Amino acid sequence: MRTEAVTLLLYVAGITGGALAGAAIPLVFPSVRARSGLLLSFSAGVMLGAAFFHMLPEALHEGGVASLTWTLGGFLFLFLLERYVLVHFCKEEERKEEASCEVHLHTSPGHGHHHDHAPAGTVGAAAFVGMSLHTLADGFALGTSIEIGVGTSVFLAILFHKMPSSFSLAAILLHERYAARRALLLSGLFTLMIPLGAALFFFLSHRLDHERFAGAALAFSAGTFLHLAVADLIPDLHRRRSERLALSAALLAGVALMWALGAFGPAHAH
């Protein structure tokens, strides 16, 4: 058990470092930040690809068809969270900063009518919640894989998936006008979900049916990813009519990356 704990600790450290490196790219390089529309489109593609090429097939494998009902649960959870919780939180943040979302948008060139349905910051908060839930499930899956002796392949799979995911989260937060310091803080908290999920595994390892729990957690996370991509990010991209070709290419690039990671990269062990 001690050897397993040390291995898990090393794997968690590696994934955390990789995720932070992915988040640092849009945070550190202004030239990357300047292409917010392309980053947003790429992020939507990453989420769609992660949901359809990785999370849903894995949920089906682990928990069977019954686990897929949790996908709708994740979608509705994020919808209700945005509608009744995050929207009020973001409004309060705007009052503290003494800057209205509407005033900021109408005085900034090139943004158009962005997020008419919610205050600025709501989508960023939703992305943080949805992606953190998935990362929590990844930490649990990593602990499970080490226990059954297939930890290396799962470690590599999570590492390669978490880097573009953390990049996408940071890009969304910056697009939602989070300060770079705050976006970095949230990205750091996002990466901490890996060790938290691993700790959750040790706490619950003898109390849960691992496969059924993993299937439900992955399907639920896939639902949150689908909501973020389809209900939050893609509608914004439709409003950017002057960049249609570039944005479409960026979205397809995000989807293609996640497909390639599944087709040619280390896969989750079955």
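These are my notes on what I looked up in this structure.

**Confidence.** I started with the model itself, which is predicted. I found a mean pLDDT of 78 for the protein, with 81% of its residues at 70 or more. Over residues 98–117, pLDDT stays under 50. For that stretch the model has 22 contacts beyond four places in sequence.

**Salt bridges.** How many salt bridges does a search of the whole structure find? I got one. Lysine 162 pairs with aspartate 138, and their closest N and O atoms are 2.7 Å apart. I checked where the partners sit. Lysine 162 is in helix H7 (residues 151–175), and aspartate 138 is in helix H6 (residues 122–147). The pair links distant parts of the chain, 24 residues apart. Buried or exposed, I asked of lysine 162 and aspartate 138? Both are buried.

**Nonpolar patch.** Next I looked at the surface. Leu72, Leu76, Phe79, Leu80, Tyr84 and Val85 make a nonpolar patch of about 590 Å². I picked out tyrosine 84, which lies in helix H4 (residues 69–97). Why does tyrosine 84 count as exposed? Its relative accessibility is 55%, and exposed means over 50%.

**Helix H8.** Last, I took helix H8, residues 180–191. I noted twelve residues and a reach of 16 Å from the first C-alpha to the last. That is close to the 16 Å expected at 1.5 Å a residue. I also listed the buried residues of H8: Ala183, Leu186, Ser187, Gly188, Phe190 and Thr191.

Conventions
Residues numbered from 1 in each chain as written. Predicted model: local features only at pLDDT ≥ 70, side-chain atom pairs only at ≥ 80, totals over all residues. Heavy atoms only, no water. pLDDT = per-residue confidence, 0-100. Contact = heavy atoms within 4.5 Å. Patch = residues over 30% accessible without salt bridge, like charges linked within 9 Å, V, L, I, M, F, W, Y side chains within 5 Å. Areas by Shrake-Rupley, 256 points an atom, 1.4 Å probe, with all protein chains shown as cover. Salt bridge = Lys/Arg side-chain N within 4 Å of Asp/Glu carboxyl O. Helix = DSSP H or I, 4+ residues; strand = E, 2+ residues; numbered from the N terminus. Buried < 20%, exposed > 50% of the residue type's maximum accessible area, 1.4 Å probe, protein only. Expected span 1.5 Å × (residues − 1).
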